[in-house]
Amino acid sequence: TLGSNRRKILFPYFNFPYNQIPEFKTIYRPHGFWEFQPLIPRSAGIEAIEDLFRLFQRYGCSPPLCGVKAHSRDNSMISYSNDGYSIGGMFPVKGKNLENVGAFARAVCEYTMECGGQIYLAKDELLPRDIFLKMYPRFQEFLDVKQQVDSTELFASDMYRRLLKPN
């Protein structure tokens, strides 16, 4: 919530606001989109959010659809939480050079890390491992628990293999 205008809304409306747009899933057809949702800490200031949008512009990747959400910190091991704001953007794939997409992704991730923020892992496919390890410093605690309850790695996603799996 921003200011004193607090109201309760259902979880799906908060977490998935784009789904309220009729025919939303067809907007980016046939090429699709990729999505980022960096979370910038409130302590970084409004200037950090403005600079993030300037970074989008510099790479020619201003999202035509964007949402901003307020977040609170929690104490989970690899939780996407901080006292700050997330900026969820959907970026059309059409007309983008994959090399430029990689450079853009790295720049957004580095900038978010420099601000003390995080990238939302559930919407990520481009976060580099070296930046993940800095953004989520409690990752080893998570790996220790995972080893205890899933030593055979029965439950392992592509994201786990890309970001967390020990070499």
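Colleague: What percentage of the 167 residues in the chain do buried residues make up?
Modeller: This is a predicted model, and every value here is computed from it. A residue counts as buried when its relative accessible area is under 20%. Taken over the 167 residues of the chain, the share of buried residues comes to 37%.

Colleague: In what order do the elements of the chain run from the N terminus on?
Modeller: The secondary structure of the chain consists of six helices and five strands. Read from the N terminus on, these elements follow the order α-β-β-α-β-β-α-β-α-α-α.

Colleague: What is the radius of gyration of the chain, and why is the chain described as compact?
Modeller: Along its principal axes, the C-alpha trace of the chain spans about 45 × 45 × 30 Å. For 167 residues the globule rule gives 15 Å, and the value for the chain is close to this, so the chain is as compact as a globular protein of that length. The radius of gyration itself is 17 Å.

Colleague: Is Leu10 buried or exposed, and what is its relative accessible area?
Modeller: Leu10 is placed in the segment before α1, the helix of residues 11-15. A residue is called exposed when its relative accessible area is over 50%. Leu10 is therefore exposed, because its relative accessible area is 55%.

Colleague: Which residues form a nonpolar patch on the surface together with Leu10?
Modeller: The chain as a whole exposes about 10500 Å², and carbon and sulfur atoms supply 54% of this area. The patch that includes Leu10 has about 380 Å² of accessible area, taken over its members together. Besides Leu10, the residues that form the patch are Ile9, Tyr13 and Phe14.

Methods
Residues are numbered from 1 along each chain as its sequence is written. This is a predicted model: local features need pLDDT of at least 70, side-chain atom pairs count only at pLDDT 80 or more; totals for chains, interfaces and linings use all residues. Side-chain values use heavy atoms; hydrogens and water are left out. Patches are made of residues with over 30% relative accessible area and no salt bridge: like charges are joined within 9 Å, nonpolar side chains (Val, Leu, Ile, Met, Phe, Trp, Tyr) within 5 Å. Accessible areas come from the Shrake-Rupley method with a 1.4 Å probe; for residues, only the protein chains shown count as cover. A salt bridge is a side-chain nitrogen of Lys or Arg within 4 Å of a carboxyl oxygen of Asp or Glu. Helices (H or I, at least four residues) and strands (E, at least two) are DSSP runs, numbered from the N terminus. Buried means under 20% relative accessible area, exposed over 50%, partly exposed in between (1.4 Å probe, protein chains only). The radius of gyration is taken over C-alpha atoms; the globule rule is 2.2 Å times the number of residues to the power 0.38.
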